[in-house]
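Colleague: Can you walk me through this model? I'd like to start with the pocket and then go on to the helices.

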Amino acid sequence: MLRRRSNRTCLSHHDLAICERVFNQVCADEDLDPLDPKAEILAMMVVALFRKAHTSEHELLEAVRSRRQKAAQKRH
């Protein structure tokens, strides 16, 4: 279910939980240590995409995976 937030600068506990689950899933998928500096970039991406209206967990996870795949393809 998509929800609209009136204040995009603050994330609720629910919003943060979605972002955290997506972050953890991508870290697990990519065998990325959550404390690695690359993980900080991932965390910023997750929150940025969430704020751009990807508010369902599934949609957010797919958006993050898609972005990261495109970035990886550009590097090769």
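**Pocket and helix packing**

Modeller: Glu30, Lys38, Ile41, Met45, Arg68, Gln69, Ala71, Ala72 and Arg75 line the largest pocket. A pocket is an open set of points on a 1 Å grid where a 1.4 Å probe fits, with protein on both sides within 12 Å along at least five of seven lines; lining residues have an atom within 4 Å of a point. This is a predicted model: local features need pLDDT of at least 70 and side-chain atom pairs 80 or more, while totals for chains, interfaces and linings use all residues. Residues are numbered from 1 along each chain, and side-chain values use heavy atoms, without hydrogens or water.

Colleague: How much space lies in the largest pocket?

Modeller: About 190 Å³.

Colleague: Which helix gives the most to the lining?

Modeller: H3, with five residues. Helix H2 (37-51) and helix H3 (57-75) each supply at least two. Helices here are DSSP runs (H or I) of at least four residues.

Colleague: Changing topic: at what angle do H1 and H2 pack?

Modeller: About 135°, with the axes of H1 (residues 13-29) and H2 10 Å apart.

Colleague: Which residues of H1 and H2 make the contact?

Modeller: From H1, Asp15, Ile18, Cys19, Val22, Phe23, Val26 and Cys27; from H2, Ala39, Leu42, Ala43, Val46, Val47 and Phe50. Contact means heavy atoms within 4.5 Å.

Colleague: And how many of those are nonpolar, polar or charged?

Modeller: Twelve are nonpolar, none polar and one charged.

Note on methods. Grid points are joined across faces, edges and corners, and a volume is the space filled by probe spheres set on the points. Axes are lines fitted to C-alpha atoms, for helices over the stretch in contact, and angles run from 0 to 180 degrees between N-to-C directions. Ala, Val, Leu, Ile, Met, Phe, Trp, Tyr, Cys and Pro count as nonpolar, Asp, Glu, Lys and Arg as charged, and the others, Gly among them, as polar.
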